[in-house]
Amino acid sequence: MQYQPAELENYPGYHIRRLQQIAVAVFMEETEEFGVTPVQYAALSAVLRQPGIDQRTLARNIGFDTSTIGSVIDRLEARGLMMRNASPADRRVRLLTLTDEGRELLQLAEPSVLRAQRRMLEPLPDDKRALFMEMLSLLIHENDEFARAPSAVADRSADGKRSAALKAVRGLSRKPAAD
């Protein structure tokens with residue numbers, strides 16, 4: 001009897017990888033005019049929420065590996081969207097802030113980003129979207145130790161994840177007036 005591997009379609013990893021490819025494609029399509037990738041958008045958003053964050057903490061906050069976050073920041077800095085500043089406490093540490101152009105890009109891109117998020121969840125019935133987000137969060141939280149770049153977001157409690165999932169889906173349900 002000859003060995004036959006299971007069909008890829010039976011593996012959750014296959015579906016997760018495909019869903020990630022789709023998510024990136026939808027994001028890029030919706031945000032094309034802004035020329036920003038999902039990782040760049042995440043970095044800009046995190047720095048806006050926490051000005052003066054260092055590169056290592058930024059990488060952890062967005063679940064990106066520290067060895068390549070520098071090149072993401074390089075591109076954002078070259079575009080005039082983000083600045084690196086030396087830390088007064090440790091000259092080796094670079095603290096990040098957004099430029100006015102970076103803040104403006106985030107504000108202008110937000111409707112497109114939200115539209116992309118809605119499109120990703122659109123095939124699901126309305127009453128299943130929060131459950132899907134909660135299940136994704138649980139899988140990430142419980143398996144985060146295996147990630148190449150563990151995320152600070154995965155440290156949230158189960159109740160915090162449930163609350164965040166519900167809030168995210170509710171926010172996506174509201175269609176902006178100027179869509």
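Among contacts in the protein between residues at least 6 apart in sequence, 55% join residues at least 24 apart, where contact means heavy atoms within 4.5 Å. The model is a predicted one, in which local features need pLDDT of at least 70 and side-chain atom pairs count only at pLDDT 80 or more, while totals for chains, interfaces and linings use all residues. Residues are numbered from 1 along each chain as its sequence is written, and side-chain values use heavy atoms, with hydrogens and water left out.

The protein contains seven helices and three strands. Helices (H or I, at least four residues) and strands (E, at least two) are DSSP runs, numbered from the N terminus. Along the sequence these elements follow the pattern α-α-β-α-α-β-β-α-α-α. Of the 179 residues, 27% count as buried; buried means under 20% relative accessible area, exposed over 50%, and partly exposed in between (1.4 Å probe, protein chains only). The protein exposes about 11,900 Å², of which carbon and sulfur atoms supply 55%. Accessible areas come from the Shrake-Rupley method with a 1.4 Å probe, and for residues only the protein chains shown count as cover.

The three strands form an open sheet in the order S1-S3-S2, with antiparallel pairing. S1 and S2 are the edge strands, each pairing on one side only. Strands of a sheet pair through backbone hydrogen bonds, either parallel or antiparallel. Two strands are taken to pair if DSSP finds at least two bridges between them. Strand S1 (residues 53-54) and strand S3 (residues 94-98) are paired over two bridges, and Asp 54 stands opposite Leu 95 in S3. Strand S2 (residues 82-86) is joined to S3 by five bridges. In S3, Arg 94 is the bridge partner of Ala 86, and Thr 97 is that of Met 83.

Helix H4 (residues 66-78) has 13 residues and reaches 19 Å from its first C-alpha to its last, close to the 18 Å expected at 1.5 Å a residue. The expected span of a helix is 1.5 Å times one less than its number of residues. The buried residues of H4 are Ile 69, Gly 70, Val 72, Ile 73 and Leu 76. These residues lie on the same side of H4 because they cover an arc of only 165° around the axis; the arc is that of the directions from the helix axis to the C-beta atoms. An α-helix has 3.6 residues a turn, so residues three or four places apart point the same way. The face of H4 turned away from the buried side carries the exposed residues Ser 67 and Ala 78. The buried residues of H4 pack against helix H2 (38-49), helix H3 (55-62), S2 and S3. After H4 comes Gly 80, whose phi is positive, near 80°.

Helix H2 has 12 residues and reaches 16 Å from its first C-alpha to its last, close to the 16 Å expected at 1.5 Å a residue. Its buried residues are Gln 40, Tyr 41, Ala 43, Leu 44, Ser 45, Ala 46 and Val 47. Gln 40 counts as buried because its relative accessibility is 7%. Not counting residues up to four places away in sequence, Gln 40 touches Gly 35, Val 72, Arg 75, Leu 76 and Arg 79. Val 72 and Leu 76 are among the buried residues of H4.

Helix H5 (residues 100-121) has 22 residues and reaches 32 Å from its first C-alpha to its last, close to the 32 Å expected at 1.5 Å a residue. H5 bends by about 45° at Ala 109, and a proline, Pro 111, follows within four residues. The bend at a residue is the angle between axes fitted to the seven residues ending there and the seven starting there. Buried residues of H5 include Ala 109, Ser 112 and Val 113. Arg 115 is also found in H5, and this residue counts as partly exposed because its relative accessibility is 24%.

Thr 31 is found in the loop between helix H1 (12-30) and H2. At 1% relative accessibility, Thr 31 counts as buried. Apart from residues up to four places away in sequence, Thr 31 touches Val 36, Ser 112 and Val 113. The C-alpha atoms of Thr 31 and Arg 115 are separated by 9.4 Å, although the two residues are 84 residues apart along the chain.
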